[in-house]
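Please have the structure open as you read.

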Amino acid sequence: MALYRLYRESLSLLTDLYQLTMAYAHWKNGSHLKEAVFHASFRKNPFGGGYAIACGLSTVVDFISNFRFDESDIKYLQTLKGHDDSPLFEQGFLDYLASMRMSVDIDAVADGTVVFAHEPLIRVRGPIIQCQLLETALLTIFNFQTLIATKASRIREAAGEQSILEFGLRRAQGIDGGLTASLSAYIGGCDGTSNVLAGKLFGIPVSGTHAHSWVMSFDDELESFKAYARAMPNNCVFLVDTYDTIDGVRNAIEAAHWLKANGHKFLGIRLDSGDLAYLSIVARQMLDEAGFQDAAIIASNDLDEKIIDSLNAQNAKISVWGVGTKLVTAFDQPALGGVYKLSAIKNAAGNWDYKVKLSEQAVKISNPGIHQVRRFSNADGYVGDMIFDIEMPASKVPIIVDPLDMTRRKRIAGDAKYQDLLLPIFAGGRQIYDVPTIEASKQFVKAQLEKFHFTYKRLLNPHQYPVGLELSLHELKTDLILKERDPLLNRASKSITRTFQDSSNSSSKNVKQKNGEDPANAATQSADPPVLPENLSKSALLIVDAQKGFGHDGELPVPDGEKIVPVINQLMEIFPFVVASQDWHPADHISFAINHANKKIGDFLKTEFYDQPLFPMHCIENTRGAQFFDGLNTEKINEVFRKGMSPDVDSFSAFNDCTGAEATQLNTVLKKKGIENLFVTGLATNYCVKESALDAVKLGYKVFVVEDAIRGIDLPSNRVKSAIDLMKSKGIAFINSEEFLKTIGKMKSQKK
Ligand code: ZN
């Protein structure tokens, strides 16, 4: 209730005018009750640090519980005019506002929660008019409180177990700036404040003794200390730097002897200027020699986390830090930059339409959906946070994708414990959350920070704590962005449902034929290439992995990968039977580098049967990357064979997996059809095309690779060339589509 005790009237006009004009337009438009979801988040951890301390919920609860437009608010709004001098708002709308009561659902992180950029701090769901009317105040409250709580927490990190007092009121950004800073600084890690009103309103311990003016109002420093000691013997900290600091310490010791002789406790001295490292070391020695080992040395003077860190590194003997200006003004980052974005809205059919805001800067692209944050931990502490959509089914293996860099992904161990950070606060406008005491919130900060590795808490150049979008949310966001950017993509892509093979019987690893060595490499003599058949009645066209994941914007791009599409489309016209393979991996697939600790893309993983090359994540089942290229005439494909579906074995070939076991029914199907000649196209020449073609030779087919309908990955260079040389040495013919089509045309005309 602090907010309304302080301001004593309605705060519903604490908003930007455009919220009210939008609310009015929604009301006129009849769209004001559309159900919407908004999230508040920030885009960058403040102060160049690795985290932030969320703060503001207690004030938000206070604000929303008492939110209403009272008579004086309505009267004021009646006076606002448009440019034609007529009232800005119709009376009917103002009557609506006057009778409006909040009915939103609010979920938010508790005060003191350690949070990171991109994570939602608060989720507001309800009539869009209410969501908008709350925006500005929620951001005002969360942005500043989170900023100051974070600054205080950084100061706490620098000070360790030493006490921190907040003395910032006089330098704060106005009255509320001072009060709010005292509240947030206490939650973030300070032990007390000089701000008496904050003490009264929030219950923060207050502290203070005397200033230079007290000393200067006497002729003599010692006399001033003694006078203060006689007046307040139970609250004696002497400020020793009014004249000469060392003399000041000497005078303080003399006054301290008087206190001791009269049965009182001398609390300590305060240094407010000079070389704090040197002076504190000298003062400590003097105090100890005089028998005042318990006396504190309090330091003030433009302190912040960096100066405190440096003084501690110099072994300064300071036991209490008085921090003011740089804490309450959030030096050197004056604002948090939190935003509040619409992420979903219900359509007329009652379904959610997910919304994404586009921007040229990735950091400004909003996340669609209805979000929750899940924090995972193991015995060592917290390991990663996943932003997920509460309406989407949770994936079995949590994989998170960095919202700014889709190549940064992390798989969370299946046995990790977790907790969800957004807590239910209001349901239908009714408060269902007990706000913890500020003491509890402060303890909460401390307890959580202990579970984060110190590298995330480093003041300078911290490690980036893993935070990401749950994989399916990432895919959904990518799809939405692509659709928004390219209206042509709005055409629903044809889905391929004709799959033959199930992965369940594919992992029969008892076929140990390869034994770590590729028999293809053991070739002793070259075989002759086959000659083209007279007609294509016993021929099939095989399209290997012509998928978006291997396209220019795919996860594992093959240079010019899409260029095979028109060539294949032409070829499909003349073949009586067309088959395609489709890389179709579970998210925890063995071939993904991120699924292996201490491995990176390009490394190899030794397995019992073969060396598994490690790739970026690609062609994950049911995602965009696994879809066939746009423009590929998939209607001509008679059968699709999915491969790589087992998590623990890869499958390059469209026939067999990397252990040599039969992975698909492709051979069975081709044999049943009486196919003798196989024409191979697709991606990538030096992986799946090569392995498919080599397997086909072993299985007795005459194999023709269409050289302009394949592309390879040439890093390091010559891989493609040596793959082609190997295939040629195995009796595989390389043909060019144009010549081939001409030849077939000639054959047909000769027949006539
Ligand atoms: Zn693959």
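The lining of the second largest cavity divides into 10 nonpolar, 3 polar and 4 charged residues, where Ala, Val, Leu, Ile, Met, Phe, Trp, Tyr, Cys and Pro count as nonpolar, Asp, Glu, Lys and Arg as charged, and the others, Gly among them, as polar. Of its 17 lining residues, F550, L556, F615, Y687 and C688 lie nearest the centre.

The model is predicted, so local features need pLDDT of at least 70 and side-chain atom pairs 80 or more, while totals for chains, interfaces and linings use all residues. Residues are numbered from 1 along each chain, and side-chain values use heavy atoms, without hydrogens and water.

A cavity is a set of points on a 1 Å grid over the protein atoms alone where a 1.4 Å probe fits but cannot get out, and lining residues have an atom within 4 Å of a point. A volume is the space filled by probe spheres set on the points, which are joined across faces, edges and corners. There are 5 cavities of 30 Å³ or more.

| Cavity | Volume |
|---|---|
| Largest | about 240 Å³ |

Among the 20 residues lining the largest cavity, S41, H118, I365, S366 and N367 are closest to its centre. Strand 12 gives the largest share of this lining, 3 residues; strands are DSSP runs of E, at least two residues, numbered from the N terminus.

Now to the cores: each is a set of buried (under 20% relative accessible area, 1.4 Å probe, protein chains only) Ala, Val, Leu, Ile, Met, Phe, Trp, Tyr and Cys residues joined through side-chain atoms within 4.5 Å. In the largest, with 108 residues, F63, L134 and F238 touch the most other members. A second, separate core of 78 residues includes L556, I590, F615 and F641.

Technical notes: On a 1 Å grid over the protein atoms alone, a cavity is a set of points where a 1.4 Å probe fits but cannot get out, and a pocket is an open set with protein on both sides within 12 Å along at least five of seven lines; lining residues have an atom within 4 Å of a point. Helices (H or I, at least four residues) and strands (E, at least two) are DSSP runs, numbered from the N terminus. Buried means under 20% relative accessible area, exposed over 50%, partly exposed in between (1.4 Å probe, protein chains only).
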